[in-house]
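Please read this briefing with the structure open beside you, and find each part as it is named.

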Amino acid sequence: MLEIEGLNAYYGRAHILHGVGFSMGRGEVLALMGRNGAGKSTTMKAVMGLVPPQAGRVTFEGHTIVGREPFEIARLGIGYVPEERRVFSELSVMENLSVAQRPKREGAPHWTPERLFQLFPNLGRMRDRPGGAMSGGEQQMLTIARTLMGNPKLVLLDEPSEGLAPVIVEEMAKTILALKGEGLSVLISEQNLHFAGSVADRATIIEKGLIRFTGTMDELKADEAVRAQYLSV
Amino acid sequence: MIDLIFAQTLNGLASASSLFLVACGLSIIFGVTRIVNFAHGSFYMLGAYLAFTLVSRFGPADALGFWGGVLLAAVIVAALGALVEIVILRRIYQAPELFQLLATFGLVLMVQDIALGIWGPEDKLGPRAPGFKSFVVLMGSRFPSYELFLIVVGPIMLGLLWFLFQKTRWGTLVRAATQDREMVGALGVNQRLLFTSVFAFGAGLAALGGALQLPREAVNLHMDLSMISEAFVVVVVGGLGSVTGAYLAAVLIGIIHAFGILIFPKITLVLVFLVMAVVLVIKPYGLMGKRPVGSAHAHGPVEPLLLPASHNVKLIGLAALAVLLLAPFVVADHWLLTLTELSIFALFAASLHFMMGPGGMASFGHAAYFGLGAYGAALAVKWLGMPMVPALAFAPFLAGIAGVIFGWFCVRLSGVYLAMLTLAFAQIAWATAFQWVDVTGGDNGILGVWPAAWAAPKLVYYYLALAVCVVAILALRIIVFAPFGYALRAGRDSPLRSEAIGLPVMRIQWIAFIIAAVAAGIAGALFAFFKGSVFPTYMAIPRSVDGLLMVLLGGVQTVSGPIVGAFAFMGLQEQLMKATMYWRFVMGASIVLLVILFPRGLVGTALAFAERRREAEPAAPVTATPEPAR
């Protein structure tokens, strides 16, 4: 469903991605792992067109998406949940959801605010609250819900567990599994092996802008050397 | 007395409505596109002119003809706005803020000449609105019913806009994009369409504001700049991005104007300034505004390091100086005048650069200090009877005092807020010179500001101006590379860290502001004796923009750039003015083209080009050091 090959991206003059490549299948949860600054977020932004890739190929369901505008990529069915959440703080929960609303999409689950409130009951109790007046965990739920309003087939989740209380991290894991249950593909970037292990089928490890390992979660858990080299702090 | 107060209040409310419409459009456009649209006053003016033409054609006596003409004018200008956004602005969203601003100022120049070409230089008196021709007697005084209508228009538009922004999907998208436009795009919203529609909507609002003024005052070619500076004041006082704030501020400014004319007819704009100052001290981001999130340097390439001149650059500088010193022996006599003027403007540009480059404070109103220097010299000669040399020494103090006062307010803000504030202050200085006829001679200026007998020959005055300018420019350079200059740049690049290591960032910026004002004042004083007269136009907006053009043309990233820019710009302008009556149009179009072709500026584009070439070489070193600028 998503194929990436030889992806190169820059932030100003800094060369961040040096030829990243991996692919993921329909309905799969793939964990993009690596330390801070390894290039996880940049990979997601490059896929989304937010950091225009300088070289490389990205195809989504057969469409080449390099060089397209972020809104066009989103309309193809890729949803992006940024690391910094970026909730519209002056808009209410309902308004935040309505910004991202897109028509029903063939081959993807169809979301309405009511359906999302079943998945995130907290949000349903604060429909008119401004995004800026919510806790970090609630904001994280809202960004995911907001992205789902676009009825995506693939969701890019950038460090969803970061800075959240353990109870909420557990809730997050359940949410991701529920999305997988709906048939969504999810690419999550993650530093925490335990969290990644609880939701992902496979993992791919990025270090200094290059992919160093790709395999199933079990293979990664068994490979002490790889974990020590690329994941331990 | 009570009835007079009542009448003036109504007057103020009536004039607030158009101001509100214009400021509101400006604010919304800035919120979404982050472009400070200098051309917004031009849309206002076009709205008024178009309404004049359409209403005359449709029949001014007929209600449908009149109101149809007014609305159609707004719609046509909205369409023009969409065209401008698609053809010009869309190409420069990635450019640094100041370049965007320059492009919109290029539009101002173009629209001025288009309006001149179509409607001619005479003022156009519009018809009175059908159904609102009579007077209403309120509390014993007669009051035009059209004024009452305008008073009602304000709150009605406020209500409509509130509904639009709170209750429609388009309004929600606009509010979301005002906060985080990139995220809105990543959520699948077509940004291009949103930006175009917002720009068209804002332009239409401004045009409606202009068209509604038709029965109230004559349409003229100066409406654009006088409106844009007031709209800036309203936006700064009300708070960027707030519709309600814009309305409150427009009412406040409108009422102050109305009462100011009654009580202090000469200094109404000074009153406006005082109120703005009070508001900004209490609420730095305006009545309803919020502190802007994110960094001030949102886009544009990282500024290269400023380095002292290398051996080669010093040699080139010395050679240029030698050429300037020897020029009088070679060139024809009238060239001496041009060279004198160029030297003066090189200092003016260098002083602006000092503030913008190392200081990081973009000024839209630098001509104020130039003009105050000129007026300082002229007033010293006329009222104090000073000879030239003491007058030249005295004049920069006037500019410096203005720098002390204006700067104190300006350094409290940053980015666009600061820039808008500098423009508002410049307008106040201009208005003072224009309105305070007893002292400044108003529009007629002050004549007979001639140099002392020994300096009167062109050749002597040229050497005098050259000497003063070279010394002042070198002094600015020395300051840039002194510890004060380092502290100034540190404060620009990272205010928080600078504060943390004990640098009083605001005070340093304030001092830099004053230094730049004094340097501009020196240039202005030299200019006054050079021309023999001073006029309010010395501190009008176009002169400030001239300064910006010189600095940006040469490159804000280099210390010697503005000097080169001043020479290039003055030469270009002189040739254009000789070549065509519509030189403003050509000038404006060239500015727009320059910004579109070189969105990073001439020097920035050259640096990027050099870098690409270096990277293309196979053996390029991995640890590339940033290109030092001189």
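**Two helices of chain B**

In this predicted model, helix H2 (residues 40-58) of chain B and helix H3 (residues 63-87) of chain B have axes that come within 8 Å and cross at roughly 140 degrees. H2(B) and H3(B) are therefore oblique to each other, since only angles over 145 degrees count as roughly antiparallel.

- The crossing of H2(B) and H3(B) is right-handed.
- On the side of H2(B), the contact is made by residues including Phe43(B), Leu46(B), Leu50(B), Leu54(B) and Phe58(B), while H3(B) contributes, among them, Phe66(B), Val70(B), Leu72(B), Ile76(B) and Val77(B).
- Glycines also take part in this contact, among them Gly47(B) of H2(B) and Gly65(B), Gly68(B), Gly69(B) and Gly81(B) of H3(B).
- Sorted by class, the residues of the contact of H2(B) with H3(B) comprise 14 nonpolar, five polar and no charged.

**The domains of chain B**

- Chain B is divided into domain 1 (2-220) and domain 2 (311-603), and the C-alpha centres of these domains of chain B lie 33 Å apart.
- Where the two domains touch, domain 1 of chain B supplies 21 residues and domain 2 of chain B supplies 19 residues.
- The side of domain 1 of chain B that touches domain 2 of chain B is made up of 14 nonpolar, four polar and three charged residues.

**The contact between the chains**

- Chain A gives 22 residues to the contact with chain B, and chain B gives 18 residues.
- Helix H6 (residues 169-186) of chain B provides twelve residues, which is the largest share of the side of chain B that touches chain A.
- By class, that side of chain B holds eight nonpolar, six polar and four charged residues.

**A sheet in chain A**

- Chain A has an open sheet of six strands with mixed pairing, in the order S6-S7-S8-S3-S9-S10.
- Strand S6 (78-81) and strand S10 (210-216) of chain A stand at the edges with a single partner strand each, so one side of each has no neighbour in the sheet.
- From one strand to the next, the twist averages 15 degrees.
- Within this chain, strand S3 (residues 29-33) of chain A pairs with strand S8 (residues 185-190) of chain A in the parallel sense over five bridges, and Leu30(A) stands opposite Leu187(A) in S8(A).
- Helix H6 (residues 136-148) of chain A lies across S6 and strand S7 (154-158) of chain A, and runs at about 165 degrees to S6(A).
- Helix H7 (residues 166-181) of chain A packs on the sheet, where it touches S3, S7 and S8 of chain A, and its direction makes about 155 degrees with that of S8(A).

Notes:
Residues numbered from 1 in each chain as written. Chains lettered and ligands numbered in written order. Predicted model: local features only at pLDDT ≥ 70, side-chain atom pairs only at ≥ 80, totals over all residues. Contact = placed C-beta atoms within 7 Å. Helix = DSSP H or I, 4+ residues; strand = E, 2+ residues; numbered from the N terminus. Nonpolar A, V, L, I, M, F, W, Y, C, P; charged D, E, K, R; others polar. Domains from an automatic or database assignment. Axes fitted to C-alpha atoms, helices over the stretch in contact; angles between N-to-C directions. Parallel < 35°, antiparallel > 145°, perpendicular 65-115°, else oblique. Left-handed = near helix turned anticlockwise from the far one by under 90°. Pairing = 2+ DSSP bridges.
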